[in-house]
Amino acid sequence: MATKSPPKWPFRLLRKLINPWFLEELEGDLKERFEDNCEAFGSVKARRLYILDVFKLLRPALIRKPGLKTQINLIGMFKHNILISLRNFKRYKSTFLINLFGLVTGLASALLIFLWVNDELNMDQYDEVDSQRHYQVLISSEHPNGVDTHNYTPTPLTAAMEVDLPEVDYAFQIVESTHYNGVLSFNNQFIRAAPRFVGNGYFNVFECDFLFGNKQGVFADKNNIVISDKVAKTLFENIDEAVGKTINLNGEYFNGPFVVSGVFKPTGTGSSGFDMLLSFEQFLTGRPEMNEWYNEGPQAHLVLKDGVDLSDFNQKIENYLSTKDEHNDNKMFVQYYPEMYLYGKYENGFPVAGRMVYVRIFSLIALFVLLIACINYMNLSTAQASRRYKEIGIKKAIGARRNALMIQYLGESMVMSILALVLAVGIVILLLRQFNEITGKDLSYTSMFNLILPILSITCVTGIISGVYPGLYLSNFRPLQALKGKVSSNAGGLWVRKGLVVFQFTISVVLIFTVIVIYKQVEYLNKVNLGYNQEHIISFRQEGKLAGDYETFIDELKKIPGVSNASYMWGNLGERVSSRYNLQWKDQNPEDRSTWFHFIEGGHGMAELMEVELIEGRFLSKDFVSDESAIVINETAAKIMGYEKPVGEKLYSGDMYNIVGVVKDFHFQGMYEKIKPFYFVLDSDGSNFIVRIDSRNQFETVSQIEKLHNTFNPGYPFEFKFVDENYQKLYLEEERIATLSKYFSTIAILISCLGLLALTAFSTQMRIKEIAIRKVLGSSSFQISKLLSRDYIILIVVAIVIALPLGSYLMKNWLDGFAYRIDLSPIYFILSGGLMISIAWFTIISQAAKSTKIKITECLKED
Amino acid sequence: MKKTRLGEFQELILMAVIVLGENAYGNEIQRELEGRLDERLSTGAIQTALKRMEDKGLVKSEWGEATQKRGGKRKRIYSATPVAHKALHEMKDIRSQLWDAMPKLGINNA
């Protein structure tokens, strides 16, 4: 005969659906009926009837009422739970404070990072009519060192694309370059201003917050100008007077009266800063020579028609430039404008994550710091479960269901995280100013209120993550054992706790390692010998009267005590220097025609002023009239040209240059890039004065320079920069990352160690009798400390073993972005591992040492 | 009539509960009715009626014994309340009054 038991699955399936009050009766009835049916019809039919009967139980009167549970006094339970939570907080103050501190700092870090990330993600996201169809044209040119991608395009490009490509709805141009900076003036008030020349259609995609004037009519006349509120405030007593006034612009290319047609307030979500808007028509009036296919300058912005497939379009326009200019074999593509801020790096002509990398890194850091705080909470609550045996035992004995207990513990962690949120918001408000200084942002805490929903959900998730495991663990006790106070220490729970500690410290070690490496790299970038002395050099603009007539000014400059040398150049040191290709020389390898040469073009004495090292020949000198067509090259240039003795050889670039000297290689640009071929050449004009001053009395010297500048060039504000600051600006992002990661890793380590402290304190307390007995038997304090710290030290070692390969992998990737970088020497590994071990060891020992001072009799009195 | 009205099926079950007395649990009620009506009933139908009547206060129930055959699950013994007795009597009275009022013609002709 077949077995005589009914199949189990129908009830298993429906048990959750059927009203629990009826379940026992119904199961019994059906089982009995099954037995009867077996005798009457045999087991096969009985089983079939049984299954049918079970499913026929699904009737409204028999299934679970959704509101059944709420019949329990909900408000009473809630009040009770809150009360118990608060009592627990009060009774175990140190645990409570450690948990709270961890969650508050974790949440505060997460909030700060969240504000920053949110700001980054909102950069260049505009909400104008056509913003969603806004693309920018980029051009990639190939040269032996790789692919260079830039955003300056030939001026006729947009008009041609509008005609040739049906996908383009309309197109316009933008010109933005420090080249065109000028000074605005009105009634003896002056202010330096950066322009942005914009074509028709600009306001359809870019947001512009007009305080006065409006988008439609501001460029009715090409001599109209729109100024920022800051400029308006400087020039006019009252900014409502601005519109309609005629102001004067003094710049290299654009001079003359302009009529103010609007005043705008910078949006704060735009990635580029400018102080005035001018029409693109105006730009072409000032620089008519730009209107040629071979001159690249303006940015080209397109608004594509709806439904254009980007990759198809990019394929179509790849070789578009060669159809307009047969010599131009550059590749062209467009990128979605709102994405350009975060994906603004180009590798082999494709956009890749630029700033997005930092957004990701910091989101991860925020997540980890928060996770470490949650883990503290989990570990402490589960480790100290024994304190709550009786509570749990009694609750279970009087019929508390497991999920009611779960809800209680989740509620407790929720109360905790909401409390932490309130404090964290306070901390964020206090620290926001410092945070802004480090990140170079202008975040305001009011934006927190716009983000209230995500912030609340972060808090809830924190509460849930913290509370779920303790809830599961604590509510699983058997009531009888719990009441006896003897819950066999569950091996699984111990392993989870150990795993969590390892996880916490792995993150901490990775962070320590990262901070060390970033710091070393930034230090290397700042301290490494650039090959020239960039300290104590100041630069300021050569403009106004000084633009053409500078000889006497430089002579006067040199007479100021404290000025050791003075000259001028195009561009500026530490920023970009000029470059060109298509140079020729004797016995040239044809491929080298396209090699880019960089050059500093300016006054006499530039090389001497920079203190670069001469290895052959001589510097350019006033004593040789022929030096107007002479150059001094660097070693890399000599190598590329293939000359053993380059002095006396010639370089052709249309003009002919005599090579009169060779200097040692030096870093004229940032250290992201390898040193390129380079030369010094003379020019009768420049854009910046470069002055080397003595290290002493710099303030005095600079104020004398200012006085001199103001007598020579009235009406132009004297604004100077230190060249080494320019240079440091190249690594501004790295510096910021270094500072931020330093702070956040300190927080992570602090929270982890606090957790460790509490765990050791607790486990020491649990073993107090063992310690007392050991002391009676003659153990020394040191032996006892060793005993207590061993378990945890092993965990930390495991964490270090996991963390170091992980950290070295991450940092290797980061370092690969630099042309000149430090190597990951073993010392960094030893340092970060050793640091972690010693911090952890001190934490543990501080607790263990306390326990060895216990009074033996006190501890052994009981039992 | 503001009193609780009984459905036909409920009325049958209620009477079975009274007839079975001490032994009135789900399966026994079902067997009793299946025997008398000569058709298969589903446990779900019987139980639904019982639970509804319990809600209305027509029957009450208490735990009974558990047997091996029932897999160790207890029976639930139902008994009719005074309200139910009253309701049954009222139904019977209404019925007999109606029977009395029925014209005899039809039957005689048949």
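Reply: A residue is buried if 20 or more other C-beta atoms, placed from the backbone, lie within 10 Å of its own. This is a predicted model, in which local features need pLDDT of at least 70 and side-chain atom pairs count only at pLDDT 80 or more, while totals for chains, interfaces and linings use all residues. Residues are numbered from 1 along each chain as its sequence is written, and chains are lettered from A, ligands numbered from 1, in the order in which they are written.

Me: What percentage of the residues in chain B is buried?

Reply: Chain B has five helices and two strands, taken as DSSP runs (H or I, at least four residues; E, at least two). From the N terminus, the order of these elements is α-α-α-β-β-α-α. Of its 110 residues, the buried share is 26%.

Me: What percentage of the residues of chain A counts as buried?

Reply: Chain A holds 29 helices and 26 strands. Among its 863 residues, the buried share is 37%.

Me: How are H5(A) and H13(A) oriented to each other?

Reply: H5 covers residues 93-121 of chain A and H13 covers residues 355-383 of chain A; their axes are 9 Å apart, at an angle of about 165°. Axes are lines fitted to C-alpha atoms over the stretch in contact, with angles from 0 to 180 degrees between N-to-C directions. Angles over 145 degrees count as roughly antiparallel. H5(A) and H13(A) are therefore roughly antiparallel.

Key
Parallel < 35°, antiparallel > 145°, perpendicular 65-115°, else oblique. Buried ≥ 20, exposed ≤ 12 C-beta atoms within 10 Å, placed from the backbone.
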